[in-house]
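Open the model in a viewer and keep the sequence panel beside it. The tour below goes from one selection to the next and says what is found at each stop.

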Amino acid sequence: MFLHDFFVCSVILKLIKDCFSMLPAVNIISSHVIEEKVDPTDGQHKEFQLIEIKSTKEQVEKLNFDMLEPVAAIEGFEPKWKFLKTKGFQPLGVN
């Protein structure tokens, strides 16, 4: 696994946890991760969507944040992503 992937999944989980904590009336959060990088096909900077997940407050409350592995925890949310163990995140598409 790549350090970048671990970091991205950790940040997603922290943000979701904090949003539910600060917005108690919210029960579902939809998250999208977008990365800006150079498109190798034309050399232009573009935004690539890497992850799309929908999480419920109930799912997040069941997580033991002290012991979980971030990538595995994100898999529990049934994300839309192209994640390859040998290459990490692959773009879903260009925004």
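Start with the cysteines: the structure contains 0 disulfides. Select Cys-9 and Cys-19 to see the reason. A disulfide needs two cysteine sulfur atoms within 2.5 Å, and the sulfur of Cys-9 is 16 Å from the closest cysteine sulfur, in Cys-19, so the gap is too far for a bond. Seen from the other end, Cys-19 is in no disulfide, since its nearest cysteine sulfur is that of Cys-9, 16 Å away. Cys-9 is buried, at a relative accessible area of 0%, while Cys-19 is partly exposed, at 29%.

Before going further, colour the chain by confidence, as this is a predicted model. The protein chain has a mean pLDDT of 90, and 97% of its residues reach 70 or more. Where is confidence lowest, and where is it highest? The lowest mean, 72, belongs to strand 5 (residues 93-94), and the highest, 96, to helix 2 (residues 57-61).

Stay with helix 2 and select Val-60, which is found there. Is Val-60 buried or exposed? Its relative accessible area is 7%, and Val-60 therefore counts as buried, the limit being under 20%. Next, show what surrounds this residue. Leaving out residues up to four places away in sequence, Val-60 touches Ile-16, Lys-17, Phe-20, Ser-55, Phe-65 and Phe-77. Pick out Lys-17 from that set: Lys-17 and Val-60 are 43 residues apart along the chain, yet their C-alpha atoms are separated by 6.7 Å.

Turn now to the nonpolar core. Select Ile-12, Ile-51, Ile-53, Ile-74, Trp-81 and Phe-89, the residues with the most contacts inside the largest nonpolar core, which has 19 residues. Two or more core residues come from each of helix 1, strand 1 (28-38), strand 2 (45-56), helix 3 (70-75) and strand 3 (80-84). Which element gives the most to this core? It is helix 1, with 6 residues.

Keep Phe-89 selected and display its contacts. Apart from neighbours within four places in sequence, Phe-89 is in contact with His-4, Asp-5, Val-8, Cys-9, Leu-50, Ile-51, Trp-81, Lys-82 and Phe-83.

The last stop is charged pairs. How many salt bridges does a search of the whole structure find? The search finds 6.

- Select Asp-18 and Lys-14, whose side chains meet in a salt bridge at 3.1 Å, N to O. Both lie in helix 1 (residues 3-22), 4 residues apart, about one turn of the helix. Asp-18 is partly exposed, with a relative accessible area of 25%, and Lys-14 is also partly exposed, at 48%.
- Select Lys-37 and Glu-35, a salt bridge with its closest N and O atoms 4.0 Å apart. Lys-37 is partly exposed at 31% relative accessible area, and Glu-35 is partly exposed at 24%.
- Select Glu-58 and Lys-62, which form a salt bridge at 3.6 Å, N to O. Both of these residues are exposed.

Notes: Residues numbered from 1 in each chain as written. Predicted model: local features only at pLDDT ≥ 70, side-chain atom pairs only at ≥ 80, totals over all residues. Heavy atoms only, no water. pLDDT = per-residue confidence, 0-100. Buried < 20%, exposed > 50% of the residue type's maximum accessible area, 1.4 Å probe, protein only. Contact = heavy atoms within 4.5 Å. Core = buried A, V, L, I, M, F, W, Y, C linked by side-chain atoms within 4.5 Å.
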